[in-house]
Amino acid sequence: MKISQLLAGLRRHRDFMAGVVAWERLPPRPAYTAKLPFNLPPALMAGLSARGVTQFFRHQAAAITAAQAGKHVVAATATASGKTLCYTVPVLSRLLARPSARALYLFPTKALAHDQLAETTAVIQAGNLPIAAHSYDGDTPQSRRRQVRQSGGILISNPDMLHAGILPYHTRWRTLFQNLEFVVLDEIHAYRGVFGSHVANVLRRLQCVCEFYGSAPQFICCSATIANPKEHAERLAERPFTLIDESQNGAPAGEKHIILYNPPIIDEELGLRGSAALAAKDTAVTFLRQDIQTIVFGRARQTVELLLTYLRDELAYAGKTETIVAGYRGGYLPLERRQIERGLRDGSIRGVVATNALELGIDIGQLDAAVITGYPGSIAATWQQAGRAGRRADQSAAVLIASNSPLDQYICQHPRYLFGRSPEHALINPDNLRILAGHVQCAAFELPFGADETFGNFGPAALLLEALTEEGLLHQTRDQYHYVGEGSPAGELSLRSSGGDNVVIHDGRTAIGEIDLESVPAMLYEGAIYMRRGQTFLVEQLDWDGRLAHVRPVDVDYYTRASVGSAIRELRPEAEVAESGLLHAWGDVTVVTQATGYRKIKRYTHETLGFGQIDLPPLTLDTSGYWLVVGEALAEELYDNGILLRPNDYGPNWQSQRQQALARDGHQCQICGALGQDPSGFPKPEGSVRLHVHHVRPFREFGYVRGQNEQYRQANVLGNLITLCPSCHRRAEAGQQTRSALGGLAYVLGNLAPLFLMCDASDIEVAAESRNPLNQAPTAVIYERAAAGVGFSQQLFHLRSELLTAALELVTDCRCRNGCPACVCPPGDIGPDTKAVTRQLLQMLV
């Protein structure tokens, strides 16, 4: 069946159309071509012609012309617009004119680098050009590495290899750096947040080494459509750029259908909707049963593995066992990924379930349909994923399945935001001190660092060099600093996180993957179910200090989810402003996080089968945050109007009763078993947490008023008290439906924040406290999960008015009665007036 017939059938499907909130048809677009104002070498034209390129689209011609003039160029046009030629043509032309010249191509992933190596080699071979092209990454065999170093032409790699495998050993690459004329950065929209901040520092180091060898390479960058491509390229490379943008795009496009689908409401009272994962499964099966090659995107690795299992089960049940569906995500071995890519190109694999690892421009063939499970977090990412279908087809479809999250529901209520708004800004912070310090050490290892030497736009690094010298990492001799550690520090510095540690996953025979240390408490604790390529593994032992997790394959019908609690220990403002009774601020935040327990959740039904304890040390995060504090006068007004709840006064015997309850319960959470602090306040050695004492029957129900009655005595009897860890306490409070307007405000702000940032929802966290122990006032904090932060907090501080306005729109427009996960709170937290008081609070603030 053709996709046009299937789409026509979906339009007649009443149940499906009931959930469609937007169906946009993007008409086909003709090609607009332009001629170059100069002639290309005949051999190059022959090679391009053999690959089907006989003329250039106007954006390609503009980029090639600017590059030929020696300008740094950034091309930011839509997916599948042929941006590759924007750098392939000027580079090959220069290398033909100057055989000794070299070019360095950098791609954000090894998969994309391998894909582009094949494309570049095809052009070279088609034109019989005397130019070599080689890849150099972690998959390159040791036996070939010397040959690659000695070869000329084009070197294709990734920032990680440049960082750890090339720059520290630049003397072996002398010929490359002496003759380097081009640096190509593809998919620069992927270089944002922590990763982008690291890459900017790697480029600083690259340019230091190039200057040492007497070269000054020209940069050519390509990007998906983002709001600030020129600014972003200039922040990365610290050079002035010429922009070629979407207004100059001359590439043709086939007809594309973009469908925004919101699963049906299954609980009118709570506003709960059906599972996005199950709706994505049903949609993908609809395409796959008609042999329409389909890609399904999941937000997280666990979602990918669950969807892969669901699709295989459904297709087997439908008798479509010959339809091959594969998974694709980080953690798979390189050979496995290459096999999947080949299978997609040759059509033997009909479906693939992927994280955003396949969002970038890897050639995976003629996919006709894309199913996106949940809003990817940014407009740019949405169009990137939708663009994976129809790259070579006349007609294609992309279906975005909304989840229950407020961000997804905001998009459903305001679909013009997706179709009519400019994409977001890509943000990086190369001067993040934690990131910067690591790269200054690497730079000092590569070349002696002068005392008055600048490091890119950061300026003189003297103070930082002195601090690193005091720590014993550098040694000063006269006016230079030298690295004194053993080996290259680059090997210990990961570009993908603000920390540097990874934990290897071993199944008893071989390593099957690795994850960053910060993710271990949520994914690799003992008893966790780790999923990979549709297989399930039980984590039997975790060697925290040795960074090794031992797993074994198991056949179980459940997965696990950790309970992780966090406490904010410090708020240090960089800037503050008072507005409408609120103090808005951004600055440094210290957060302590502890995983305490986990749930076993049955597949398909998602029912809880049991609980387990997690015994791991706490993690301390020094980062940046944006927070708002309710001023005293506004707080009194909100208390008097019932919009905020006054903090409980637990009566004069509370501290005594609390200590008796802790002692009775052995300073241990009575639900998950998490260990707490001893009476002296010192933590027990094995990852203790600060325990809470919870009232089984809510304290407020006893009606205690100081000076008027003694109802606190009945409320605080030991039989009404239970010791809980912070995570279990939150669940218990949720069950009592006590969420206030402040909690509702924090919930909606945290979920809408990614709408204004080019970040993933998991890049930030939110905390709300009716009486923050640091300032004794109602406080909501949105903080970044990356150490030291990458600029999101400052951006939120400046966008606070827009954020509050969008929050009011979302809460007002939501169809639920009292509040739901799509607006102010998760189901268990919903009180009878949660939505109303949150709306009242927002109306007062906007």
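Modeller: Happy to; we'll take the sheet and then the cysteines. This is a predicted model, so local features need pLDDT of at least 70, side-chain atom pairs count only at pLDDT 80 or more, and totals for chains, interfaces and linings use all residues. Residues are numbered from 1 along each chain as its sequence is written, and side-chain values use heavy atoms, leaving out hydrogens and water.

Biologist: In what order do the strands of the open sheet come?

Modeller: The order is S6-S7-S5-S8-S9-S4-S10, seven strands with parallel pairing. Strands are DSSP runs of E, at least two residues, numbered from the N terminus, and two of them pair if DSSP finds at least two bridges between them.

Biologist: Which strands stand at the edges?

Modeller: S6 (133-135) and S10 (242-244); each has a single partner strand, so one side of each lacks a neighbour in the sheet.

Biologist: And how many bridges join S5 and S8?

Modeller: Five, linking residues 102-106 with 180-185 in the parallel sense. Leu104 has Val183 in S8 as its bridge partner.

Biologist: Is Cys222 buried or exposed?

Modeller: Buried, at 0% relative accessibility; the cut-off is under 20% relative accessible area, with exposed over 50% and partly exposed in between (1.4 Å probe, protein chains only). Cys210 is buried at 0% too.

Note on methods:
Helices (H or I, at least four residues) and strands (E, at least two) are DSSP runs, numbered from the N terminus.
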